[in-house]
Every structure is written in C-alpha cells, then in structure tokens.
Amino acid sequence: MAVEIDDTNNARGFLEWLVKINNIEELWERQPTYLLVQACFLFGALMTFIHAYSSKGRWPLLWCCTVCHGLVIEALCFFLPEDVADNYWHSQTPVVFLGGRLPLHIIVLYPCFYYQATAAVNKFQFSIWTEPFAVALLVLLQDVPYDIIGVKFVHWTWHDTDPNLFDRHYWVPWNSYFFHAAFSASFTFWFHFIRSGTGGTKKDWRKRKWQIQSTSSEALAFVLTSVLGCVGGTIMFMLIYHPLHDMLGIHSEITFFIVFAMFCLIVWKAISFSGATDKHCGPVFHDYLLLCHLVVHYSIFLILALFGSPENEISIGYHEQIGPCNQTVQFPSAVGKLLSKRKYLCLEDYDEQYFDFHCCSSLPIQYSKWYQICGTPFPNRAEYVTIVALPTIMAAFVFGNIYANYGRTKTTKQS
C-alpha cells in the first residue's frame with residue numbers, strides 16, 4: 001500500500017528500509033518530469049531485456065550482470081564512510097530501496113546504458129582490446145542529456161563542496177562523465193575477458209564471446225565482472241584523475257577529455273586500420289526494440305529542455321545535511337593527499353544554483369537530512385536546448401548508421 005511522502009523518513013522495520021512504496025499521485029504533483037524519466041528507463045529495461053532474451057547465448061547474462069554491477073556501485077556509494085562516498089542524493093520515487101536512497105529506475109539504468117552500447121558496438125569487428133572503449137563512448141552519448149536535464153530538474157542533487165565534484169558542466173560534475181566512461185569500459189572488458197580470454201585470433205574471440213559455457217564458468221564470470229568492473233574503473237581514476245587533479249591542480253574537465261581522447265583514438269584506429277567494419281543489409285527484427293527505446297530516451301530529455309519548467313519541480317527526500325558553515329571534514333584521496341570539504345550544506349552561501357527554497361514556507365532546520373528543495377528557471381533555455389539537441393543529433397547519426405550499415409547481431413543457439 002502506498003504511503004504519504006512525509007517530511008521525515010522513519011522506516012518501520014527492515015522491510016520498509018529495504019523497499020518503500022511512495023504515493024505516486026503526490027509524486028506526480030510535486031515532480032512529474034521525474035516520473036516521465038523513470039518510465040523511460042523502465043521501458044528501456046523492458047526493451048533491452050526482450051532483446052537479450054531473443055538473442056540468447058550470453059546476452060541475457062550480460063543484461064543481468066549490468067544490473068548486479070549497478071547494485072554493487074550504488075551500494076558502495078551508500079555504505080562506504082559518509083565522508084568518502086556519500087555525495088549525491090536522489091529525489092523520491094514510487095519504489096525506492098535501501099532506506100529511501102536507491103530508486104528502482106537507477107537499478108535498470110545500467111542495462112539501458114551498457115546493453116544498448118554493447119549491442120551497437122557488437123555490429124563491428126572489434127577486438128577485446130578495443131570493444132570496451134567503444135562501448136564507453138556510446139554510454140557517454142546516452143548519459144550526457146540524462147545528466148544535464150536530471151540535475152537541472154532536481155531529480156537528484158550533488159554535494160556542494162566535495163572537491164571531486166567541484167568542477168561542473170551545466171551543474172554536472174565532470175567526474176560523472178569520467179565515471180560512466182571508466183566503469184563501463186572496465187565492466188565490458190571483464191565480462192568478456194574472464195570467460196573468453198584473449199587467446200586465438202580476433203575472429204575466434206568474436207565467435208566464442210557470446211557462446212554459453214559451463215554453469216560454473218559463467219557464474220564465476222558473472223560475480224567477478226560485477227565487482228571487477230568497479231575495481232577497473234577505480235584504477236582508471238587512480239592513474240589519471242587523482243594524480244593530475246589532486247597533486248597538480250588540473251581541472252576535472254581536462255582529466256575527462258584526456259580519457260575521452262584516448263578512447264576516441266583507440267576506436268578510430270580500429271575502425272580505420274584494423275578492418276573493424278563489415279557492411280550488411282540492415283538490422284534484424286529485435287534490433288528495432290533497441291532503436292525504439294533510443295528514440296524515447298533522447299526525445300524525453302529534448303522535450304523537457306524545450307517545454308519543461310524546472311522552477312515548478314519540488315524534490316523531497318534525502319539531501320545534503322544542513323548544518324554550520326564552519327565545520328569541515330578531511331578525507332584521503334586515492335593518491336594519499338588529504339582533501340577537505342564542508343561537513344554540512346551551508347544555507348548562507350551554498351553554490352548549487354539549480355535549486356533553492358522558493359517553494360518552501362521556511363528553510364530547513366539545522367542538521368536536517370530529509371527536506372524539500374525547489375528547482376530554478378533555465379538561465380538560458382536556448383542554451384539548454386542546444387546542449388541537449390547536440391548529443392541527440394549525434395546519437396541519431398551514430399546509432400542510425402551503425403544499425404543501417406554494419407555487421408548483423410547473430411543469434412546464438414543453445415547447444
């Protein structure tokens with residue numbers, strides 16, 4: 001039974017902490033755009049799952065493994081020490097897990113992004129050393145409008161003074177883009193490497209990478225990929241971001257574009273010089289399910305940029321804790337340097353211009369974690385429309401050409 005979204009969140013027992021059902025009518029009244037985005041991701045989860053089931057072989061395992069990988073990521077963020085990883089907060093949704101912190105649609109975000117990218121990249125004849133980076137680039141292409149519009153419509157909020165999130169792009173931390181690129185590349189590599197390895201020719205690897213093997217080997221690959229996908233992504237942060245940003249003071253935008261340029265060059269080399277493209281006659285039937293979801297995905301964010309009113313959005317739930325402005329905490333970075341941030345959100349001088357409290361009768365009291373915030377108007381709607389339209393046009397060109405011109409996804413029959 002749905003419950004009212006009270007201004008406090010006191011779970012009555014473990015089951016309510018584990019999963020809570022909120023009143024969808026009240027959510028629609030407060031934040032209708034968030035429900036539309038959630039519906040888009042649930043639709044994407046359904047389309048990708050049907051595609052995986054129809055493709056057989058290891059495709060259903062890929063879908064399930066992306067979900068498990070996402071759960072590992074989200075759980076780590078919520079359960080690691082608060083000063084280290086607790087730096088973003090989702091608004092409430094009809095179904096939310098882990099004490100009001102994990103919305104249902106976030107669980108299926110990973111198959112929407114990772115599976116879509118993998119299915120498209122599989123049309124090429126990439127090696128195991130190239131495919132992860134191509135997948136990461138297509139994950140980024142899907143993520144950009146989601147990140148920009150999501151934060152502008154207060155679907156979630158970021159920590160105000162965390163140095164790892166301080167450098168922003170339309171209020172999206174550059175490290176959010178770095179994260180999606182690094183973790184999706186790592187996940188893709190381990191999913192194939194653990195089970196198939198690198199032996200034999202590129203043709204041999206492509207032939208066996210989607211073939212089901214023994215239950216034990218697939219189970220091992222499933223578990224290890226879910227965990228090592230996080231480890232590999234973290235290592236990429238340690239090798240590139242943390243030395244350059246923490247030790248040398250280089251802006252996070254630069255560290256992201258270093259990774260982006262590396263990935264682009266690796267993929268460009270494979271396409272240009274390694275015979276990674278094979279022409280064919282067009283997509284198979286169930287590929288249209290993926291294309292249908294992509295159309296819905298990009299359309300919803302472009303429509304919100306064109307016609308949405310973020311100043312009417314009201315987000316209630318967990319946010320950064322309110323408190324004194326003069327209290328700070330220190331925490332070590334991955335390279336050992338001590339970083340500092342405010343312990344609480346300072347209402348006097350916080351710098352998160354995508355939300356304020358204009359829709360509230362009063363400001364939140366000191367030490368509140370669960371409170372209401374309000375969206376703010378577009379400073380320049382035309383600019384937001386342009387920044388969302390750009391990846392939308394790019395996606396139409398990239399995904400459209402991939403499915404129209406490159407190698408067919410073959411159905412792998414079970415033996």
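## Confidence

In this predicted model, confidence in the chain is lowest in helix α5 (residues 82-85), at a mean of 65, and highest in α7, at 97. The score here is pLDDT, the predictor's confidence in each residue, from 0 to 100. Over the chain, the mean pLDDT is 89, and 89% of the residues reach 70 or more.

Take care with residues 409-415, where pLDDT stays under 50 and the model has 16 contacts (heavy atoms within 4.5 Å) beyond four places in sequence. Where pLDDT is low, the predicted coordinates should not be read in detail.

## Helix α13

Helices are DSSP runs of H or I, at least four residues, numbered from the N terminus. Helix α13 covers residues 381-405, and its end C-alpha atoms lie 36 Å apart, which agrees with the 36 Å that its 25 residues should span at 1.5 Å a residue. That expected span is 1.5 Å times one less than the number of residues. At the start of α13, a side-chain oxygen of N380 comes within 3.2 Å of the backbone nitrogen of A382.

Buried residues (under 20% relative accessible area, 1.4 Å probe, protein chains only) of α13 include Y384, I387, V388, P391, A395, F399 and Y403. The partners against which the buried residues of α13 pack are α6 (104-121), α7 (131-152), β6 (168-169) and α12 (287-307).

## Reading the values

Residues are numbered from 1 along each chain as its sequence is written. Local features need pLDDT of at least 70, side-chain atom pairs count only at pLDDT 80 or more, and totals for chains, interfaces and linings use all residues, while side-chain values use heavy atoms, with hydrogens and water left out.

Conventions: Helices (H or I, at least four residues) and strands (E, at least two) are DSSP runs, numbered from the N terminus. Buried means under 20% relative accessible area, exposed over 50%, partly exposed in between (1.4 Å probe, protein chains only). A polar contact is a pair of N or O atoms within 3.5 Å; within protein, one must be able to donate a hydrogen and the other to accept it, and residues adjacent in sequence count only if both atoms are side-chain atoms.
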